[in-house]
Amino acid sequence: MTRLTHDRYCQEIAHQTGQLRTVVTSGADLSRTVPTTPDWSLEDLVRHVGGALRWAALMVRTGAEDEVPEERVPGFDGPGARGDRGALDAWLAESGELIVGALRDAGPDARVWSWAGIPDAGFWARRMTHELIVHRADAALAAGLPFEVAPDAAADAVDEWLEIVEWAQRTQPEDEVHELRGPRRTLHLHATDTGPVEIAGRDETGVAPAEGWGRLIELTEDGVSWRRGHEEATVTLRGPLTAVLLAFYRRLPLDSPEVEVLGEREVLESWLERATFG
């Protein structure tokens, strides 16, 4: 599957870090519980994201051959004092600069350990892009602020999740994704506000502009597979691409007016329960 360019991932990481900083400096209550991640306050979420960026940056910069323990990452936990909005913002800004600098210096093909069997810096450029996008959505929802994401990044976030589900079914025999095996069922994701999304300078092939962006996920006795395009399905999730992304990541309720579920809703609910990530 075509991904974004390494430079595009670096640009999006910088942009999303800036957007998350806007939430921090907006005056939103940092102690507020994040509805979509209820174990975290807004400050907890920001510290999680900044620490993850620093962790990935250290591994990329050092060409780590194994997972680096969090306690070895300088500044991983963030500012000592909680509730200090200025210190948290400055720490997050530095976290973003560290990961973007490490990725740009390394280039996409530099060898680095990863948990998904893709041992290069390109994996971490993509993973940190979507870590930021989804958790920035969490932060925006908690703060009552609007959330939008560029179509190419939103489409790639869906694709990355689907590829991780495929990886889990190949390598994780105990993962809940295996519970989705059974008689053939299909899930159709359909964005109503965009045509084929240009990725890495190329339009998606085989999709008529009038049909827009779409993904078809197939569940069978053999497991999960997916492809681009449109097809009559057991269940369809449709709406603007950003809303489809948020619903697919369980950040937007399926009964939200921003999305529409057509067909056997329980098939989609089963997918969201078992093919979880992020």
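**Ground rules**

I number residues from 1 along each chain as its sequence is written, and my side-chain values use heavy atoms, with hydrogens and water left out. Because the model is predicted, I take local features only at pLDDT of at least 70 and side-chain atom pairs only at pLDDT 80 or more, while totals for chains, interfaces and linings use all residues.

**Entry 1: salt bridges**

I began with the count: the structure holds 23 salt bridges. By salt bridge I mean a side-chain nitrogen of Lys or Arg within 4 Å of a carboxyl oxygen of Asp or Glu.

I looked up Asp 7 and found a salt bridge to Arg 104, with the closest N and O atoms 2.6 Å apart. This pair links distant parts of the chain, since Asp 7 is in helix α1 (residues 6-24) and Arg 104 in helix α3, 97 residues apart.

How exposed are the two partners? Asp 7 has 37% relative accessibility, so I note Asp 7 as partly exposed. Arg 104 is partly exposed too, with a relative accessible area of 42%. My cut-offs are under 20% relative accessible area for buried, over 50% for exposed, and partly exposed in between (1.4 Å probe, protein chains only).

**Entry 2: Arg 8 and Asp 152**

Next I checked Arg 8, which forms a salt bridge with Asp 152, the closest N and O atoms being 2.8 Å apart. Arg 8 lies in helix α1 and Asp 152 in helix α5, so the pair ties together parts that are 144 residues apart in sequence. Helix α5 covers residues 151-171.

Buried or exposed? Both Arg 8 and Asp 152 are buried, and for Asp 152 I have 13% relative accessibility.

I then turned to Arg 184 and Glu 231, whose side chains meet in a salt bridge (3.5 Å, N to O). Arg 184 is in the loop between α5 and β3 (185-191) and Glu 231 in the loop between β5 (223-228) and β6 (235-239), so the pair ties together parts 47 residues apart in sequence. Glu 231 is partly exposed, with a relative accessible area of 33%.

I also noted a network: Arg 3, Arg 126, Asp 156 and Glu 163 are joined by salt bridges that share partners.

I found its side chain in a polar contact of 2.9 Å with the side chain of Arg 274. I also took a distance to Trp 113: Glu 179 is 66 residues away in sequence and 29 Å away in space, C-alpha to C-alpha.

Asp 138, in helix α4 (residues 121-143), is buried with a relative accessible area of 0%. Its side chain makes a polar contact of 2.8 Å with that of His 135.

Arg 251 lies in the loop between α6 (241-248) and β7 (260-263) and is buried at 7%. What does the side chain of Arg 251 reach at 3.0 Å? I traced it to the backbone oxygen of Tyr 249. For Arg 251 and Ala 56, 195 residues apart along the chain, I got a C-alpha separation of 24 Å.

I looked up Ile 99 in helix α3, which is buried with a relative accessible area of 0%.

Note on methods. Helices (H or I, at least four residues) and strands (E, at least two) are DSSP runs, numbered from the N terminus. A polar contact is a pair of N or O atoms within 3.5 Å; within protein, one must be able to donate a hydrogen and the other to accept it, and residues adjacent in sequence count only if both atoms are side-chain atoms.
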